Amino acid sequence: MKQCYTMSGGNIRWCFIVTAPSVNRVNRRDTALVIAVAALWGFNFVVIDWGMGTVPPLLFAAIRFAVVSLACFFVPRPPVPLRTVAAVGAFMSLGQFGFLYLALHLGMGPGLAALVLQSQAVYTIVIASAALRERPTRGQVTGTALGVAGLFVVALAIGGQVPLAALGLCLLAGLSWGAGNVVSRAAHAPGGLAITVWSATVAPLPLLGLSLLIDGPAAVGHGLAHLGWHGALSTVYTAGLCSLVGYALFNRLLSRYPAASVVPWVLLAPVVAMASSWALLSEAPGPAELAGAALLVIGVLVAQGIIRRPSPPDGIQDLSSERTRGAADTAGSAAAAGSRG
């Protein structure tokens, strides 16, 4: 808000800018929370790849969300329409992870899958802009564009190293996630745990049905019989930490801030995934992957206003403009007096 004061007997006006905290800016505590979520989700890709083993991918995803769904016996249903809960589950659970698990099964590496999945940031901001009228700031657009540039750097470098079907499925997973982000944002459900838990109930049966249809009953039975301790530990991590904790925090933040203020932070997840794949799976990233990860990090910092072009303070700009306007008014008055004389 601008407040201006005119000195008595003079033409000079002093203007001050009084700024209120912006609802678009994520505070420090919530920033730390969303960074922790990005770290949990980044490591998630390695854990999924490690735990899947001989279990069919859609069955493995169904087991994950069946475990998450058990929490609905202890968590009250969120105060939003059932169609909203179903939509969040269809996009963020069923669609996103159905496509992602299939992409990993078809040969997409964990680090690369994490990177490509971050196309969700672009999808989210575009869909939110159209559906919710949440116009991103110039910094958010610039930062997201840098992140997309990072994705293109990696995509151009991998060439034919990754099956085209796996790449396409991963992009569809990103689209599904982006749509789910917007639905969750529009719901404004208080807290995040309730909608995370109840929306997860949408996924298990369709995923199991698709697995029976695609893989066959014999493969499903073999997968259940040979889940093993590594599959069980993977499910505990993905269902407990990534879904119950991670998505609960993420959905809560989406209910408090515009999507464009929260989503770019998730672009840090591929950095964690690539580092984890390097350390645990010996998948050393090449120059393109490192360059893409660097662009992603820079994009996050730009989108959140941590890196920005320096500009003169608004108060100085306004004072300068007021002085210029005052000088112009004085000159105009003098010219008019001269013409009358």
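I began with contacts in the chain (heavy atoms within 4.5 Å), and found that, among those between residues at least 6 apart in sequence, 87% join residues at least 24 apart. I note that this is a predicted model, in which local features need pLDDT of at least 70 and side-chain atom pairs count only at pLDDT 80 or more, while totals for chains, interfaces and linings use all residues. Residues are numbered from 1 along each chain as its sequence is written, and side-chain values use heavy atoms, with hydrogens and water left out.

Next I looked up confidence. The mean pLDDT of the chain (the predictor's confidence in each residue, from 0 to 100) is 78, and 80% of the residues reach 70 or more. I marked residues 1-9, where pLDDT stays under 50 and the model has 23 contacts beyond four places in sequence, and residues 317-324, where pLDDT also stays under 50 and there are 9 such contacts. Where pLDDT is low, the predicted coordinates should not be read in detail.

For the fold, I recorded 15 helices and 2 strands, taken as DSSP runs (helices H or I, at least four residues; strands E, at least two) and numbered from the N terminus. Of the 341 residues, 46% count as buried, that is, under 20% relative accessible area with a 1.4 Å probe and protein chains only, whereas exposed means over 50% and partly exposed in between.

Last, I turned to Val67, which lies in helix α2 (residues 57-69).
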